[in-house]
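Thanks for making the time this morning.

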Amino acid sequence: LRAYAFTWKVGICYNTKCWESHAEATKEIQELFVPVATGPTLVLNVVSYVILVMFLNWAAGFSADYNRFIALYSLMPTLVMGLCYYYYIFRQNMWQISLSSLLGWLNNWAMAMAISLVSFSQVALRYFGLLLLEGLLPSAWQGYVTFPMRTVEISVQNSILMLYLMGLALLVTCPVWCEGFRVVQESLGRDNKLSKSEAFMEILYTTSQLAVVLQVQTALAMIQMRMGFPFHFIHFVVVILEYTFLHQMVQFKFAWLHKLCHEVQPLYRLVHLEHHICKGTYPTTPAAGLWEVWIEGGTLFFCNTLACVPYFFFNANSVGPNLVVHNMWPHKSCIQWHTLHHVAHSDIYAVNVPSENDEKFSRDVKHYRERLQCSFFIRHPAMSDIAGFVMTFILGLAVHYVGGIGLFHVWSEGNLHFTG
């Protein structure tokens, strides 16, 4: 209860710009967590995450074929490559799981679940609030759309396979990303290097987790619909607006949760470290740690809507904004704030457009802004959203016409239900 109440306080104080109260609430949450070694935490994270997804898929009512696919082509790579990569970094230390570390992890997991309840509460409030607003709209705009479960399953499977192709392309172009890492470090006045072997291992690790957000969000969406709460047209309108203006909308939920994860180290190791454990950043990242999607209530924003429409999440997120911001383009003009957040651990938490909190408290915004005026994204903050939209449009067309799959190929399978 204390963690739940303090998390509400953190979010409210962040959005109302009560910075002293925000810092106090963050400290109060920090005191509820206990230190646990990094290696054992990551091992327990990946094992428990696999169990979570298997349970969610069962609750969602997915077919045996789908569950088999997810087990073989998503969960198995996540588990095996995760353990291999942790051994690559921590060696034998990853297995030092004592009773005290297990109890500490369980304590931290329970606190993270309390934080997740705040996110799920916000998602529920937004869902029902928009339904009330829908009642004011013309009857023709009131209703929802559903797709056959098998169509949704196939869309997830195809999305995963396409992202694996992206991972293969990253491996083939590995020297490009090593050069991109060097360019960023040079721009910051540093001499850090990323070797080809390091990048190769990092791309394998990142790609093994590519379905982390997609599969959890899809399962949660299907569970909600099975419970009789479908996503209405108005929910889709709102989530499209949220993703169109992603770098402005993240400040209302994601930014303060993201900052909280970085400031409370045991929470960081539990839910966010998988996303930062690599020296570089790559577009096959799920943009979250294994348990992070859960503490966010299944969605970056307030509407867990994308996943119940085939290919919607893939087009709006995976090959759009995520491909733009999680990248190391090998040219100074393409350096982004979020690139620095990954490769230099910069204290910027609102993705590519610093929030008011970032502007006020970030040391790196003040230190690097003038030096990075060479970057088009730094000089023109709106370009991050524009680039994400353009990438979504271009790759969406490529998948549609070249791959022969996508939302418009299955739109005829949808059923419109009008409730007005």
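This is a predicted model: local features need pLDDT of at least 70, side-chain atom pairs count only at pLDDT 80 or more; totals for chains, interfaces and linings use all residues.

Does Glu198 count as buried, partly exposed or exposed? At 23% relative accessibility, Glu198 counts as partly exposed, where buried means under 20% relative accessible area, exposed means over 50%, and partly exposed lies in between, with a 1.4 Å probe and protein chains only.

Residues are numbered from 1 along each chain as its sequence is written, and side-chain values use heavy atoms, with hydrogens and water left out.

Across the whole structure, a search finds 14 salt bridges, each being a side-chain nitrogen of Lys or Arg within 4 Å of a carboxyl oxygen of Asp or Glu. Glu198 is in one of them with Lys279, where the closest N and O atoms are 3.2 Å apart. Because Glu198 lies in helix H8 and Lys279 in the loop between helix H13 and helix H14, the pair ties together parts that are 81 residues apart in sequence; helices here are DSSP runs of H or I, at least four residues, numbered from the N terminus. Lys279 is partly exposed too, at 31%.

Turning to helix H7, Glu179 and Arg182 sit three residues apart there, separated by about one helical turn, and their side chains meet in a salt bridge at 2.6 Å, N to O. Both belong to a network of salt bridges that also links Glu186 and Lys332.

Note on methods
Helices (H or I, at least four residues) and strands (E, at least two) are DSSP runs, numbered from the N terminus.
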